[in-house]
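Here are my notes on the model, as numbered points. Have the sequence and the 3D view open while you read.

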Amino acid sequence: GGGRNILFLEGNLNLGKSVINFNGSNSILFLSANRNPYHFKLMVHSNQAVYFGKNNFINRYGAAMQLLLSEQKHFVMGNGCTVSFNTWVRNSDPHLIYSTETKERLNPTRSVFIGDHVWIGQFATILKGTHIGSGSVIGANAVVSGKKIPSNTIWAGNPARQIKEKIFWSGESVHNWKDAETKKYAVMATDKFTYERDGESLSFDEIDRALSAYRTAEDKLQYLLELSKNGAKNRFAI
């Protein structure tokens with residue numbers, strides 16, 4: 001429904017069996033170049049920005065990643081993330097909850113941000129206001145709502161809580177490993193996947209405000225094109 005939406009496809013990519021529903025107007029879906037097929041079902045409404053960075057892996061051997069985005073708020077995922085099957089992202093509840101005393105609304109809709117090189121386990125649910133720093137892991141079946149997840153930490157449970165810090169993860173798959181592979185990877189001497197805030201780090205809150213300030217899909221696209229050019233390692237560190 002609506003109109004003046006933009007589906008922006010950057011270079012070579014494979015949409016696979018993804019389903020995209022624009023159910024409003026002036027929204028942008030920005031899909032970066034990806035060596036892996038996309039595998040998601042998306043419902044986007046009015047005045048929203050949805051951004052997938054480069055070379056994310058969304059497991060296509062189970063149910064697709066589901067994204068239901070509401071009330072003019074946004075979703076951003078960085079580069080090189082791994083998302084298992086049957087995962088959900090929702091940025092609203094979506095029904096209204098009020099205080100019996102003040103009569104004020106208690107559950108505003110809030111954007112969701114996921115940094116670079118984040119691993120999200122199967123059946124995980126990422127809810128409104130969640131900010132996940134680069135290099136982190138969200139465990140299977142975790143429910144994460146309104147948390148700011150520091151970089152290089154593991155969170156699990158319902159509600160999710162931090163269970164490990166000062167970790168990094170690497171994308172090799174151990175399914176068919178034998179002794180030689182297990183021995184080879186017993187130690188990985190690298191800082192490639194360790195992130196920390198520095199002078200080049202961005203603020204998810206500032207990105208959120210900027211995307212909301214632009215009222216047309218064209219303006220949001222120009223902002224996301226600039227974001228996509230930012231190659232700073234620690235751009236999404238928390």
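1. Start with helix α3: its buried residues pack against β1, β3, β5 and α2 (204–213), where contact means heavy atoms within 4.5 Å and buried means under 20% relative accessible area, with exposed over 50% and partly exposed in between (1.4 Å probe, protein chains only). Helices (H or I, at least four residues) and strands (E, at least two) are DSSP runs, numbered from the N terminus.

2. Some housekeeping before going further. This is a predicted model, in which local features need pLDDT of at least 70 and side-chain atom pairs count only at pLDDT 80 or more, while totals for chains, interfaces and linings use all residues. Residues are numbered from 1 along each chain as its sequence is written, and side-chain values use heavy atoms, with hydrogens and water left out.

3. Which residues of α3 are buried? They are Ala217, Lys220, Leu221, Leu224, Leu227 and Ser228. These cover an arc of only 120 degrees around the axis, so they sit on the same side of α3; the arc is that of the directions from the helix axis to the C-beta atoms. The length checks out too: at 1.5 Å a residue, the twelve residues of α3 should span 16 Å, and the end C-alpha atoms are 16 Å apart, which agrees. (The expected span is 1.5 Å times one less than the number of residues.)

4. Now β5 (residues 49–52). Ala49 and Tyr51 point one way and Val50 and Phe52 the other, yet all are buried. The strand runs parallel to β3 (residues 28–31), joined by four bridges, with phenylalanine 30 opposite tyrosine 51. β5 also pairs with β8 (residues 75–77), again in the parallel sense, over three bridges, and here valine 50 stands opposite phenylalanine 75. Pairing requires that DSSP finds at least two bridges between the strands.

5. On aromatics, I'd look at the cluster formed by Tyr38, Phe40, Phe52 and Phe75. The model has 13 aromatic pairs, counting rings of Phe, Tyr and Trp (its six-membered ring) with centres within 6.5 Å; planes under 30 degrees apart are stacked, over 60 edge-to-face and the rest tilted. Tyrosine 38 and phenylalanine 52 have ring centres 5.9 Å apart and planes at 80 degrees, so that pair is edge-to-face. Tyrosine 38 comes from the loop between β3 and β4 (40–44), 14 residues from phenylalanine 52 in β5. Tyrosine 38 is buried at 1% relative accessible area, and phenylalanine 52 is buried at 0%.

6. The salt bridges number six, each a side-chain nitrogen of Lys or Arg within 4 Å of a carboxyl oxygen of Asp or Glu. One of them joins arginine 4 and glutamate 218 (3.3 Å, N to O). Arginine 4 lies in the segment before β1 (6–9) and glutamate 218 in α3 (residues 217–228), so the pair ties together parts 214 residues apart in sequence. Arginine 4 is exposed at 56%, whereas glutamate 218 is partly exposed at 32%.
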